[in-house]
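Have the chain open on your screen as you read. This short report walks through a few of its places, one at a time.

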Amino acid sequence: MKNDEIKGTAQNSTGETPALPNAHDAAIIDQFTRQAVPFSIQQAHSKESFLNLLLEMSGVSPEDNVLDVACGPGLVACAFAARAQHVTGIDLTPAMIARAKQIQRERQLTNLTWRIGNVLPLPFPDASFSLVITRYTFHHFIDPQAVFAEMVRVCRPNGVVLVADIALPPEKRRAFDRVEKLRDPSHTSHLTPAEFLQMAEELKLREVRTEFVKSERHLETHLQASFPNPGDDEEIRRIFREDVGKDELGLGAHWQGNEIYFAYPILILAGRKTG
Ligand SMILES: C[S@@+](CC[C@H](N)C(=O)[O-])C[C@H]1O[C@@H](n2cnc3c(N)ncnc32)[C@H](O)[C@@H]1O
C-alpha cells in the first residue's frame, strides 16, 4: 500500500524535522503554496452538505479536542471548530497555514491552533485528541498507512478517527494516477475502498462506518486552481475529452454543452479507536 514508486523520497521517520525538505515534501510545498488561495475558494471544497456529513459521521460534540491532519486552508478545521471545544490543524505548507489563519479570523473563531509541520510522525504525544480527522490527503502521502497509524496513536481510546479521500477501484489506478500527477505533480496514488477498509481493520478500529460521496467538478474551473507543468494542461484536457463514454479514469467525465464535468468519488471512513 506504500506509494513506493517515488524513489528516494521517504518521509522522515525519526521524529525530527529535516533541515531541508525531501523531494516529495518539496513538491508538496511547491504545489500547495501556489494552490493555497485558489484551493480555499473553490466552491466544491466548502460544500455544506459534504462538511455536514463529516461532522455527522465524526459525532463531534462540544467536549471534543480535534486534530485536523494536513489541514490545508483550514476549511474542515473551521467547520469542526464551530462544534468542538478546540481544533488543532497541522500542515506542511506555510502558505496553507497562513490562509487558514486568515479564514479563522474572517469567521471570528477563537478555538483553533495552527502548526506547520510534517504529519509523519505527528508531533503529539499518544492519546492527545478525542477526534482525529483528515480530508483529501492520503493521495499525497508516500506511506498513507503510516499516517493512518499515527492518527490512531494520537487519538485517545474510544475516540474517533475519520478519513475522507478519493477512492477508486484498482483497475482505474493507472489512468487516474497518470492524469492526476499531470494536474498536481505532488499526487502519489489513490487508494481503493478495500485498502481503506483493510487499514482500518489492521489498526483495530471498531464501529467502522463508510459513506461514498461524489465531489463534482467543472474541468476548466478545476484547472484554474491547479498548477500543472507548462503544456500539461492541454494533455489533461485531451485525456478527459477522450475519456468521455469510456470512463477509464473512473470519474464519469461527460460533456454539458461545450464543457467537461466529472466527479471525484470520495470515501469517508470513520471508526472508533479500541479502548
Ligand atoms: C488537497 S490539500 C487538502 C487540505 C484540507 N485537508 C482540506 O480538505 O481542505 C492537501 C494538503 O496536505 C498537505 N500535506 C501533504 N503532505 C503532507 C505532509 N506529509 N505533512 C503535512 N501536510 C501535508 C498539503 O500541504 C496540503 O495543504
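## The model and its ligand

The model is predicted. Start with the ligand. The shell around the ligand holds 20 residues, and A70, G72, L92, T93 and R135 come nearest. Two elements each give two or more residues to this shell: α1 (23–41) and α3 (75–81).

What kinds of residue make up the shell around the ligand? Eleven are nonpolar, seven are polar and two are charged.

## Two packed helices

Two packed helices are described by the angle between their axes and the distance between the axes. Take α1 and helix α4, which spans residues 94–106. Their axes lie 8 Å apart and meet at an angle of about 25°. An angle under 35 degrees counts as roughly parallel. Therefore α1 and α4 are roughly parallel to each other.

Which residues make the contact? From α1 come F32, T33, A36, V37 and S40. From α4 come A95, M96, R99 and I103. By type, the residues of the contact of α1 with α4 are six nonpolar, two polar and one charged.

## The nonpolar core

Now look inside. The largest nonpolar core has 68 residues. Those that touch the most other members are V66, V69, A77, F80, V132, M151 and L162.

Leave aside its neighbours within four places in sequence. L162 is then in contact with L54, M57, S58, I133, I268 and A270.

I268, a contact of L162, sits in strand β8. Is I268 buried or exposed? I268 is buried, because 23 other C-beta atoms lie within 10 Å, and the cut-off for buried is 20 or more. Beyond four places in sequence, I268 is in contact with L53, L54, M57, L162, A164, T210, E211 and V213. A26 is another matter: A26 and I268 are 242 residues apart along the chain, and their C-alpha atoms are separated by 28 Å.

E259 also belongs to strand β8, which covers residues 259–272. Why does E259 count as exposed? E259 has 11 C-beta neighbours inside 10 Å, and exposed means 12 or fewer. Not counting residues up to four places away in sequence, E259 touches H218 and E220. E259 and L223 are 36 residues apart in sequence, and 13 Å separates their C-alpha atoms.

## Backbone details

Begin with P121, in the loop between β3 (112–116) and β4 (129–135). The peptide bond from L120 to P121 is cis, with omega near 0°.

Next comes Q108, in the loop between α4 and β3. Q108 has a positive phi, near 55°, and is a residue other than glycine. Q108 counts as exposed because there are 6 C-beta neighbours inside 10 Å.

N158 is not a glycine, yet its phi is positive, at about 70°. Is N158 buried or exposed? N158 counts as exposed, with 12 C-beta neighbours inside 10 Å. The limit for exposed is 12 or fewer.

Note on methods. Residues numbered from 1 in each chain as written. Predicted model: local features only at pLDDT ≥ 70, side-chain atom pairs only at ≥ 80, totals over all residues. Near = placed C-beta within 6 Å. Helix = DSSP H or I, 4+ residues; strand = E, 2+ residues; numbered from the N terminus. Nonpolar A, V, L, I, M, F, W, Y, C, P; charged D, E, K, R; others polar. Axes fitted to C-alpha atoms, helices over the stretch in contact; angles between N-to-C directions. Parallel < 35°, antiparallel > 145°, perpendicular 65-115°, else oblique. Contact = placed C-beta atoms within 7 Å. Core = buried A, V, L, I, M, F, W, Y, C linked by C-beta atoms within 7 Å.
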